[in-house]
Amino acid sequence: MGMKRGDRGMLKILMVILVASSIVWGIRFMTAAPDVMSAEIIQDGKLLQRVLLKKGDQAKDFIIEYKGGYNRLRTEDGRITVIEANCPDRDCVKRGWLKKPGDSAVCLPHRLVIRLTGESEVDGVTY
Amino acid sequence: MNIKVNPSRSIVYLAVAAVTVMLFISLYVGITGWRTPIKAQRESYRLGTIVRITLYGDDSEKLNDALDLSMEEIERLENLLSVNIPSSDISLVNRASGKYPVKVSEETGFLLEKALGWSERTEGAFDPTVGKIVKLWGIGTESAAIPSPEQLKQAVELTNFRKVFVVHKAEGTFVQTAKGQRIDLGGIAKGYVTDKVRDLLINEGVSSALIDLGGNIAVFGSSPKPGKWKLGLQHPFMPRGEYFGIAEVSDVSVVTSGPYERYFESGGVRYHHIFNPATGYPAQSDLASVTIISEESTDADALSTALFVMGFERGIALLRELKNIEAVLVTKKPEGTIVCVTKGLSEAFILKDPDMKIEPAAR
């Protein structure tokens, strides 16, 4: 196929844009944050600790205390739950396992929030 | 004259043009999306719930200052409006019930008038004088219990928004209630505080924010992700945080009310926190949850409570009369769980639970 001058110029410009675009996206992917899931344990608005959740991990319990009250948390196989608590409503226990990014459990009486980090499908949940 | 265009050649030109445009877009998105906005977030326990404010912008110091101011504003308003704080405007009014008019802040007066307006409009399905009933049941406190029918009868008689008077004088705003009445703004105050925080943030020059006061959410500006803000609506039959659908919105407030939010169980029966002012008992509603989407969170808060009490038929009838209010109603019917979405929202609502069926609201 015969090419005119203008066509060649156009092709060159195209190539330049293609290469620039690839470089930009390449860098963006390479520098993206690694996808590690962790749970934030927040009490009274303060971040108490960040717990790494890894697939295949053995069950491990720990206790978060609040003015004579407590929540026993369990991590296992990349997920976390409140396994037991002495709050009146036990909403936090009923929440079950948190496994997806953005999942959260709340214990209002003990002012406790457990939230999984990472990109969630939604920006918030109304209730 | 006869211009001949080689068809294969014009297709090549078209293709080249298309690829060029796509590459430009890719390059543009690659560069502009690079500088993702800074996110600043604060979480605290306020208004008896978890408060979370998330701001996006490019100046982290400015965002954190705005967060400080927001938290101070919430505390200030809680101190005016909370029925549980003895020095609040509302507590002062309640202690003076049947005795004398109490001078309140302009804001308390404004919100009370707003509440009385919705009481009128919902024929008492929403009623800020429900306080005696709320206190008797004590749901959400350690002393939650079923009151005696006599106690409830008395409390229902005291629940009457028409006996509340807000008077504006030269010396300020005054509120007078009937003897024994107890005002509780629990069904509207969170919405009002949400609106006030939004106004404050806009005044502070914040361009994009998500305000979450215990599931009472308002968003403004652009979402950090492409497209609009995506808000999940709490699934009425699943644990907190699981949603049955997503509303894609911008510059509005979204509030959901349902019996699952707060309740206590006695003798195998569940007693929830949304009372029917006419009976004094938790509202027996054919709705499993009500979500209201409106510009003002104050309205969304009051209406979500009112519509739950009113039930599906009356609720839909009211929605038909209201402008700029959208809703998602979840009803349990023999044929399954039906999700009813108002017309203005049908494009922006995504149903996630495959077991639910969607039905447009006749409007």
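Let's start with A:Gly124, whose bridge partner in S8(B) is B:Leu231. Three bridges join S8(A) to strand S8 of chain B, residues 229–234, and the two run parallel. For pairing, DSSP has to find at least two bridges between two strands. The helices (H or I, at least four residues) and strands (E, at least two) are DSSP runs, numbered from the N terminus.

A quick word on the model, friends: it is predicted, so local features need pLDDT of at least 70 and side-chain atom pairs count only at pLDDT 80 or more, while totals for chains, interfaces and linings use all residues. Residues are numbered from 1 along each chain as its sequence is written, and chains are lettered from A and ligands numbered from 1 in the order in which they are written.

Now the wider interface. In chain A, 30 residues are in contact with 38 residues of chain B, where contact means C-beta atoms, placed from the backbone, within 7 Å. Helix H1 (5–31), helix H2 (91–94), strand S6 (104–107) and strand S8 (124–126) of chain A each give two or more residues to that side. H1(A) gives the most, with nine residues.

On to chain B itself. The domain assignment gives domain 1 (87–185) and domain 2 (228–360), with bounds from an automatic or database assignment. Their C-alpha centres lie 25 Å apart. Between them, 20 residues of domain 1 are in contact with 19 residues of domain 2. On the domain 1 side, helix H4 (106–121), helix H5 (131–137) and helix H6 (149–158) of chain B each supply at least two residues. Thanks, everyone!

Key. Two residues are in contact if their C-beta atoms, placed from the backbone, lie within 7 Å.
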